[in-house]
Amino acid sequence: MISSTANSKVKRLAALVQKAKMRREEQLFVVEGVRMFREAPDEWIREVYVSETLLRKWEQEHDRESRERIKKYQCEVFTDEVFRKVSDTQTPQGVLCVLAMPHYELARRLEEDMADPSRPPLYVLLEDLQDPGNLGTILRAGEGAGVDGVIMTRRTVDIFNPKVIRATMGSIYRVPFYIVDDLGGTISLLRKSGLRVYAAHLDDSVDYDVPDYTKPTAFLIGNEGGGLRRGTAQTASQYIKIPMAGQVESLNAAAAAAILMYEAARQHRRGQ
């Protein structure tokens with residue numbers, strides 16, 4: 001059992017939780033909580049850490065599934081004080097996993113998606129989103145709506161930020177995501193592949209429930225404060241808007257993205 005916060009493993013783990021640069025260098029990230037531990041893909045898991053209190057609870061409750069999993073990965077046990085030191089939450093559940101970052105190839109995925117005419121692909125593109133909760137919620141809502149991937153700019157908040165991870169509620173494991181340096185080039189690739197790209201934009205737009213999303217579709221969502229850059233918006237196939245009642249000018253990025261994704265899902269279910 002590790003009982004000192006000065007332990008080298010403890011310091012390294014705390015740095016992985018707190019520093020995006022270190023996560024990028026090691027190509028590792030950290031997830032926290034019982035649900036995230038149980039749902040983590042086996043092939044991603046590199047290290048597991050558990051608090052003495054949670055380990056004792058699993059033993060008392062005869063939680064065979066959890067005990068077998070921590071035995072399989074030869075987990076390290078921390079005292080509760082040490083676990084609180086590395087945790088990113090105020091009330092830690094008592095288990096942390098260090099995972100390998102997944103890597104997806106957009107061009108290959110697009111080719112596979114377009115080869116199946118019975119299931120038109122649906123993507124979401126994000127330009128420079130900064131709020132961790134928004135990004136995590138978009139992944140979670142995207143899984144619920146059946147999106148095929150979330151594409152984001154390099155300037156978007158780090159998807160491996162612990163706050164993003166928590167907001168995904170496990171969808172980080174199941175929704176492919178792509179971080180791109182050239183959003184304009186990526187939009188061009190999507191359009192050449194046969195997708196229509198709809199930009200959430202107020203100028204010369206139609207209501208979001210007018211277009212036909214039963215064909216290959218991508219939604220383009222801009223930064224929380226500034227929206228889409230003009231040059232980015234101009235690469236879209238069409239502008240769409242979500243009508244607002246009262247004095248509300250707009251919704252936040254996650255709410256807007258969820259409405260658009262679920263409208264596409266509704267059209268898919270009912271054939272428009």
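Predicted model: local features only at pLDDT ≥ 70, side-chain atom pairs only at ≥ 80, totals over all residues.
Visitor: What box do the C-alpha atoms fill?

Guide: Taken along the principal axes, the box is roughly 60 × 35 × 35 Å.

Visitor: And what share of the residues is buried?

Guide: Of the 272 residues in the protein, 51% are buried.

Visitor: What about contacts between residues 24 or more positions apart?

Guide: Such pairs account for 80% of the contacts in the protein with a separation of 6 or more.

Visitor: Which residues does I159 touch?

Guide: Leaving aside residues up to four places away in sequence, I159 touches L135, L139, M152, V164, I165, I172, F177 and I179.

Visitor: Which residues of α8 and α12 meet?

Guide: On the α8 side they are N134, T137, I138, A141, G142, G144 and A145; on the α12 side they are A253, A254, A257, A258, M261, Y262 and A265. By class, this contact has 10 nonpolar and four polar residues, with no charged ones.

Visitor: Now α7 and α10. Where do they run, and how do their axes cross?

Guide: Helix α7 covers residues 106-114 and helix α10 covers residues 183-193; their axes come within 11 Å and cross at roughly 20°. The two helices are therefore roughly parallel to each other, and their crossing is right-handed.

Visitor: Which residues make up the contact of α7 with α10?

Guide: L106, L110 and M114 in α7 meet T186, L189, L190 and S193 in α10. Five of the residues in this contact are nonpolar, two are polar and none is charged.

Visitor: Take T186 from that list. Is it buried or exposed?

Guide: T186, whose place is in helix α10, counts as buried because its relative accessibility is 8%, and the cut-off for buried is under 20%.

Visitor: And what does T186 touch?

Guide: Not counting residues up to four places away in sequence, T186 touches L106, L125, I151 and V180.

Visitor: What angle do α4 and α5 make?

Guide: Helix α4 (residues 52-60) and helix α5 (residues 64-72) pack at an angle of about 130°, with their axes 8 Å apart. They are therefore oblique to each other, and the crossing is left-handed.

Visitor: Which side chains or backbones are involved; that is, which residues meet there?

Guide: L55, W58 and E59 in α4 meet S66, R67 and I70 in α5. The contact divides into three nonpolar residues, one polar and two charged.

Visitor: Changing topic: where is V95 found?

Guide: V95 is found in strand β4, which comprises residues 95-100. With 1% relative accessibility, V95 counts as buried.

Visitor: What does V95 touch?

Guide: Beyond residues up to four places away in sequence, V95 touches V31, E32, G33, V34, F37, V48, Y49, V50, L54, W58 and F83. W58 is also one of the α4 residues that meet α5.

Visitor: How far apart are the C-alpha atoms of V95 and R154?

Guide: They are separated by 30 Å, and the two residues are 59 residues apart along the chain.

Visitor: Last one: where does K19 lie?

Guide: K19 lies in the loop between α1 (8-18) and α2 (20-26). Its relative accessibility is 48%, so K19 counts as partly exposed. The C-alpha atoms of K19 and V150, 131 residues apart along the chain, are separated by 23 Å.

Notes
Residues numbered from 1 in each chain as written. Heavy atoms only, no water. Axes fitted to C-alpha atoms, helices over the stretch in contact; angles between N-to-C directions. Helix = DSSP H or I, 4+ residues; strand = E, 2+ residues; numbered from the N terminus. Parallel < 35°, antiparallel > 145°, perpendicular 65-115°, else oblique. Left-handed = near helix turned anticlockwise from the far one by under 90°. Contact = heavy atoms within 4.5 Å. Nonpolar A, V, L, I, M, F, W, Y, C, P; charged D, E, K, R; others polar. Buried < 20%, exposed > 50% of the residue type's maximum accessible area, 1.4 Å probe, protein only.
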